[in-house]
Amino acid sequence: MEKVLVRLMDCCGTEIQGHQGSGEFSMAVVQANSQLEDHSQLESGPLSLHESGPQGTFVGIYDGHGGPEAAQFVNQRLFDNIKTVHDAEFTTESYGMSADVITKAFLATEEEFLSLVKQQWLKEATDCLRWFMLFGRLGNNVKEVKAIQLSKEHNASIESVRKELHSLHPDDPQIVVLKHKVWRVKGIIQISRSIGDAYLKKAEFNREPLLPKFRLPEPFHKPILKAEPTILVQELDSEDQFLIFASDGLWEHLSNQEAVDIVHNYPRNGIARKLVSVALREAAKKREMRYSDLKKIDRGVRRHFHDDITVIVLFLNSYMISRSSSDGPLLSIKGASGGMCGNSNT
């Protein structure tokens, strides 16, 4: 049985560490909201419903806004949909994963959630594309590791995102509005892609009982936000040392290179916890308060000082990656409002 260590953090959070298909991992979650809006998972093993199918490691961090329900839904359904879509697309069980499978799984999850909204009129949403993924890659100097950002942020504050929105909605001059010095889609929301946000996907949800501040005055005939992910296929090589996945609660306080330097220079044991700790100290510093005082603030009130933070660090072992992944430990871990739970076996 593979050993997985779980411990409580001194700042109202949980951390977990162990081994997955490509090497060691470290995971930590700290809650700031009254209800944790970050949900996360780490799956190592079959990427298919068939045990003989392709093997690999799947990491998801789902950063909710307006409530935890949609992030929780994606945490429960996305990975299962990836496996289902894969098996429907390929009759050969051993065929590897593809960008098309992932995209279709995202869209299937979106449709399932919108159906749930229609049934129950849920108004929570999730920005499941908001987390960042970084490589730590060795530079020319072995002592330094270079940060390489692999994910793309879908935020209206970025000029290229605003251009994309204008190209998708050429007949709507108000598709992006500068409101209180912040660019927002339709003057409401900063993100341009999400799973959820039903009222910006289908006109049937743009009505009561949705709060007036979220309702659009004019009708729309196609989704304003997209659910399709941006996918980058990156081939790993021997210089790639680790991957950092995190919700934006971390990146509000740490730069890409700062995070990579911390992972490179500190022991692997508890490294996700270390990243969270450094971010919280920066949050306290910005408010001119002591870190020890920040830790005493109750959830809910603490959201005024920092967001929920979820971090997963995967260390890349080239030997384990090159050999058959089926030889590695099977692992399934989910991080949610009740803490972290999962199982592991070899």
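Visitor: Where do I start with two packed helices, and at what angle do α5 and α6 pack?

Guide: This is a predicted model, so let's read its geometry. Helix α5 (residues 256-265) packs with helix α6 (residues 271-286) at an angle of about 140 degrees, and their axes are 10 Å apart. Angles over 145 count as roughly antiparallel, so α5 and α6 are oblique to each other. The crossing of α5 past α6 is right-handed.

Visitor: Which residues make the contact?

Guide: From α5 you have A259, I262 and V263, and from α6 there are I271, K274, L275 and V278. By class, that contact holds six nonpolar residues, no polar ones and one charged.

Visitor: Why do residues three or four places apart point the same way?

Guide: Because an α-helix has 3.6 residues a turn. Have a look at A259, I262 and V263 on α5 with that idea in hand.

Visitor: What span should helix α1 have?

Guide: Go by 1.5 Å a residue: the 21 residues of α1 (residues 69-89) should span 30 Å, and the end C-alpha atoms are 29 Å apart, so the two agree. Still, α1 has a kink of about 30 degrees, centred on R77.

Visitor: How do α1 and α2 cross?

Guide: Their axes come within 8 Å and cross at roughly 135 degrees, with α2 covering residues 99-120. That makes α1 oblique to α2, and the crossing is right-handed. Among the contact residues are F73, R77 and L78 of α1, with K104, F106 and F113 of α2. The contact's classes are twelve nonpolar, three polar and five charged residues. Notice R77 again: the kink in α1 is centred on R77, and R77 takes part in the contact with α2.

Notes: Residues are numbered from 1 along each chain as its sequence is written. This is a predicted model: local features need pLDDT of at least 70, side-chain atom pairs count only at pLDDT 80 or more; totals for chains, interfaces and linings use all residues. Side-chain values use heavy atoms; hydrogens and water are left out. Axes are lines fitted to C-alpha atoms, for helices over the stretch in contact, and angles run from 0 to 180 degrees between N-to-C directions. Helices (H or I, at least four residues) and strands (E, at least two) are DSSP runs, numbered from the N terminus. Angles under 35 degrees count as roughly parallel, over 145 as roughly antiparallel, 65 to 115 as roughly perpendicular and the rest as oblique. A crossing is left-handed if the near helix is turned anticlockwise from the far one by less than a right angle, and right-handed if clockwise. Contact means heavy atoms within 4.5 Å. Ala, Val, Leu, Ile, Met, Phe, Trp, Tyr, Cys and Pro count as nonpolar, Asp, Glu, Lys and Arg as charged, and the others, Gly among them, as polar. The expected span of a helix is 1.5 Å times one less than its number of residues. The bend at a residue is the angle between axes fitted to the seven residues ending there and the seven starting there.
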